[in-house]
Structures are given as C-alpha cells and as structure tokens.
Amino acid sequence: MIYDLAILGGGPAGYSAAFETVKFGLSAILFEKKELGGTCLNRGCVPTKFLAHMAELYHLAYNSHNYGIISEKPALDYLAACEKKEKVVSELRSGLEQSMKLKKIEIVDGFAEILDSHHITCDGETYEVRNILIATGSVPAEPFVNGAATSDEILALKSLPKSVKIIGGGIIAVEFAHIFGLLGVKVTIAIRGERILRKWDKEIAVALTQNFKKRGINILTNQTPEQLVEKSFEIILSAVGRKPNLCGVNTSLVETDENGGIVIDNKFRTKTKNIFAAGDVISKSPLLAHTAMEQGKTVARIVSGKEDGMPSTVAECIYTSPEAASVGLTEAEAKEKGIKFVSAKSNMRSNARTLISGADRSFVKLLADRNTRKIIGAQLFCERASDIVDEFVLGINHGFTVEDLLQSSRPHPSFCEAITNVAEALSEKLDEV
Amino acid sequence: MLYYTKNHLQLKTDGVNAEIGLTGYAAEKLGNIVFVNLPDVGERLEVGERFGDIESIKTVSDLISPVDGEVIEANEALLDEPEKISENPLKAWLIKVRVLKLSSDLMSAEEYDLFKEKL
C-alpha cells in the first residue's frame, strides 16, 4: 500500500493532520516513538494545567475563610495529585488513540526514519508514501547549569521541593512559578534581562511581576551567568526555551535554520516538495499546540488538494492567576509597523464576577486601527483571559470593527462584560481623534 | 520653571530636563489610584502622545506627553506604592525626561487655576 500522508510524530500537528487527511478520503499513517499526544498532552499543556488547577484549588481551600468557610487547614498529598494527573493524561491519550483507530488512521508504535522522499522505515519495515509530514515537535533546550532539571523532569517529580529556582522568564517559567508558589514552595525566578515575559506586552509583564511580588515570588533580574548558576536551592528548573526535535529526520532532504528549525515555505513545504513540516519543529515556531493543530490541518488540505488560506491569527495564553492572553498586535508592535492606532484599557474593578472571585488587579486592553476602526490586537490580564480572548480572535480574523464588538449583549454578570467595557472606551476614544 | 497641562500634568524643568507628575487637582479627581503604567528609560516621547496611564478604582486615564524628548528615569517605586501619588502628587513624580521641545500649550500656575475653574 502507498500511503497518501505519512506523519512523523503524534502530537497536535501530527494527529490533527491525520484526522484531516482521512476526512478527505485519503490514507494516513502516523509514527510515534513515545506516546500519542506529544509534548502538549504528556509533558506540557495538559499536565501543567492539571497542576495549576490543583494548586489553585489548594490555595482556595487554604483561604476559604475569606468566603466564610471555616475549616481546618488543608494538607497536601502531592503524590496523590500526580497519580490523578497521570490518570487524566492517560484517559485523554487513550481517547485520542481510539478516535484515530475509529477513523482508520494507521498508528505505528516505533522510531521512524525518513529514508528518502517516498520511503520511511520503522523497526525494520519500510513504508512507501506519497507525502511526508514532519511533526516531530520540540524538546527542552539543554540546561546550562549542571544538575538543573528540565520541565519534563519537574513534571515527573513525585514530591514537592522546599525551594526552587527557575532560570528563565518565559511562559514555562512563569507557569511553574505560579504553580509552585501557590503550593507553598519558595520560588525564585532568575533572568538575564530586566523583565519576565520579554516577548509579551510590557503591561502584562509588569502586571504579572507585581502579582508575583505580592505573592512572595522573588524575581532576580539582570543576573550574570555566575549568578544564574548559583545553587542554594533544592531544585533548579531550567526553563530557557525549547529546541526542534530532528530525530528521524533525514536532514539532507530539508533545510534548517541556525536553531535547527525546519525552514518551510508558505505552504509548509520543506525544500523537498512532498515533505512538509508543521508544529514546534519548524523554523521560528510560536510553540503553541493550537497553532500546530491548525498547521497540521492545513498540510492535510494541501495534500488532498483542498487547500485554503494560511492559518488565522492565534492567541497566546499564560495560565497564571489571573491568566494572561494576547492576540494580534501589541502597542509596541503596532508602533513599530507604523500603524496609526488607538488603544483603550478597562480595568476589572467594576466587573462583578471578578470581584466575587477575589481576583487581583486585572485589565483588558484593546487596539483598533485609527482609520478603519477595525480591531488589530488585544492583551488581557484577568480571570478567564484564555476564554475571553476568543472573541477578539474571531473579531480580528473576520475584520470586526469596535462597533461590531458592541453589537452583542453579553450576560450579566459575566467575565466577558469586560469586552463591552473596553470596546465602549475604545469607541469613545476613536471618536475623539 | 513649573508648567501645567490641560491633561492635568505638571512639569518642572530647568530647560534641559523635566520632571513630570500629576497635578494635585488630578490626583484628587481620580480618587484611589491603584496602578500606574510608566514608559521605559530610553523611550521617546512626543507632544500629545500617550506615554502611560493611571488606573484608579473606576477608570483608566491616559498620560499625555507635554514634551518631545526621551525618558531618562521612571519612578518605578510607584508600581509598589501607587498610593503615594494620591498622598503627595507634587512629590511623587512619574518620569524624568530629557527635553527636546516643550508643548506650546503649557500653562503657568495662574493660567492653570483659571483653566480648572472653567471645568
């Protein structure tokens, strides 16, 4: 049999491509050397969100007296929490496997290698294929501190450390700081620069810094290499980024950039026409599961001749408390592009649900083009930001103006009333210019 | 020299640098100030452009620059203690700027008093 699409890697890019391929009546074979679901399900988004949820529950229980609930201080059984986490992950994984089998996607459990543009080998067997998708994902970058743990290793811990130093200030770093902080671990973040989340809107970075400070999470800035490796902590987590995983990839058939990311054209093709790449493994990947999914689907559509446009604007989220989310342009990016824009910000102090939930300082910021009044970006730092942002994603992808956003009566009380508030503020400001 | 703006900022300048803060009137009107967003050192300011904002309990007010220039210092201590602005706005300066050009729309203390009366 000749498969229409052979996929290396069973993460979000890989499985999404497989589902989309068979939808069009083509055949798909997927090779996975470890576990289906990739980093996201097994060592990333899902287990960290489980831990964040558990840490937030613990924190709420610990502070339940704020809501008139008087109980004994809760105790923590981290091992039990980890067992539950594994159970959730394995349930999702087997659900994924069953769905794939139901859709007649062939899954091969093993380490696959690309022999040439039409042949893949796995455990001594050779498969003939028409197209190949490299969706091998990424792995944590090597820690530059001896003995430091990667995020993979931290997730495998069966007991909580007393103190942890986190090297790095990106999403992975702040999410672990959030989780450990809530669980009573003494957390120190150490970074080379001035500010955590340097790729994010400054206001979100500053807001999270202040939030962390209040919670006793120590942030050491402008650290020298000597200071970064200082080891007076029980555990050091190295969260200094991820690198593309090229295992099994015949690198003579693809071009890679200086970081090892596979270079693709705007149709996700590598330098070999029938070999595609998607997800974390590509050059300058945003390392987002939902972006990988969209890319995987796009590749399947291209392979099946049902090609459509490029993936749409996607949101980035940080699961702290409050959450952070960003979509489209930030003020700094809009300025750099020379776009004439107006921005407005609404704080959540008059949002009833926010006050009820006891959330700290939070806000929603919205940017619109000064001339067209179309929304071009939004940054959120508030409860449920990862849900609320979706309206802005839809709005940007469909060219909504600020007034379009106002043509919705949102439930009261709800977190998403913040959208109405910020859109009203922006509409007024646009009228003034 | 001490100047005031229609956006209720005050500007103390020696002709080279300027210290920009909120006027007492603005601090009183805003009520409880809960946060202030300041620009980074090195950032360029333009007359009439937003350079940050002040959050009070109910509202977010833009800070509009009265100068063309470059930020040489930002009072980051206010991030931890924004209430200092309400307590003593004349002391709690927001930013220090190297001035290239002052806005042509600045007011003296007397002019600002008259301006406030008309509001």
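**Figure 1. The three-stranded sheet of chain B.** In this predicted model, three strands of chain B form an open sheet with the order 4-6-7 and antiparallel pairing. Strand 4 (33–37) and strand 7 (60–64) of chain B stand at the edges with a single partner strand each, so one side of each has no neighbour in the sheet. On average, and with direction ignored, neighbouring strands of this sheet are turned by 20° against each other.

**Figure 2. Pairing of strand 6 with strand 7 in chain B.** Five bridges join strand 6 (residues 50–56) of chain B to strand 7 of chain B, and the pairing is antiparallel. Gly52(B) has Leu63(B) of strand 7 as its bridge partner.

**Figure 3. The six-stranded sheet of chain B.** This open sheet has six strands in the order 1-2-3-9-8-5, paired in the antiparallel sense. Its edges are strand 1 (2–4) and strand 5 (44–45) of chain B; each has a single partner strand, so one side of each is left without a neighbour in the sheet.

Figure 4. Leu45(B) has its bridge partner in strand 8, namely Gly69(B).

**Figure 5. Packing of helix 3 against helix 4 in chain A.** The axes of helix 3 (residues 45–62) and helix 4 (residues 78–102) of chain A come within 10 Å and cross at roughly 140°. The two helices are therefore oblique to each other. Helix 3 of chain A passes helix 4 of chain A in a right-handed crossing. From helix 3 of chain A, Val46(A), Pro47(A), Phe50(A), Leu51(A) and Met54(A) make the contact, and helix 4 of chain A supplies Tyr78(A), Ala81(A), Lys84(A), Lys85(A), Val88(A), Val89(A) and Leu92(A). By class, this contact has 10 nonpolar residues, two charged residues and no polar ones.

**Figure 6. Packing of helix 3 against helix 6 in chain A.** Helix 3 of chain A also packs with helix 6 (residues 171–182) of chain A, at an angle of about 35° and with the axes 8 Å apart. The crossing of helix 3 of chain A with helix 6 of chain A is left-handed. Residues of helix 3 of chain A in this contact include Thr48(A), Lys49(A), Leu51(A), Ala52(A) and Glu56(A). They meet residues of helix 6 of chain A, among them Glu175(A), Phe176(A), His178(A) and Ile179(A). Seven residues of the contact are nonpolar, three are polar and three are charged. Leu51(A) of helix 3 takes part in the contact with helix 4 of chain A and in that with helix 6 of chain A.

Methods. Residues are numbered from 1 along each chain as its sequence is written. Chains are lettered from A and ligands numbered from 1 in the order in which they are written. This is a predicted model: local features need pLDDT of at least 70, side-chain atom pairs count only at pLDDT 80 or more; totals for chains, interfaces and linings use all residues. Side-chain values use heavy atoms; hydrogens and water are left out. Two strands pair if DSSP finds at least two bridges between them. Helices (H or I, at least four residues) and strands (E, at least two) are DSSP runs, numbered from the N terminus. Axes are lines fitted to C-alpha atoms, for helices over the stretch in contact, and angles run from 0 to 180 degrees between N-to-C directions. Angles under 35 degrees count as roughly parallel, over 145 as roughly antiparallel, 65 to 115 as roughly perpendicular and the rest as oblique. A crossing is left-handed if the near helix is turned anticlockwise from the far one by less than a right angle, and right-handed if clockwise. Contact means heavy atoms within 4.5 Å. Ala, Val, Leu, Ile, Met, Phe, Trp, Tyr, Cys and Pro count as nonpolar, Asp, Glu, Lys and Arg as charged, and the others, Gly among them, as polar.
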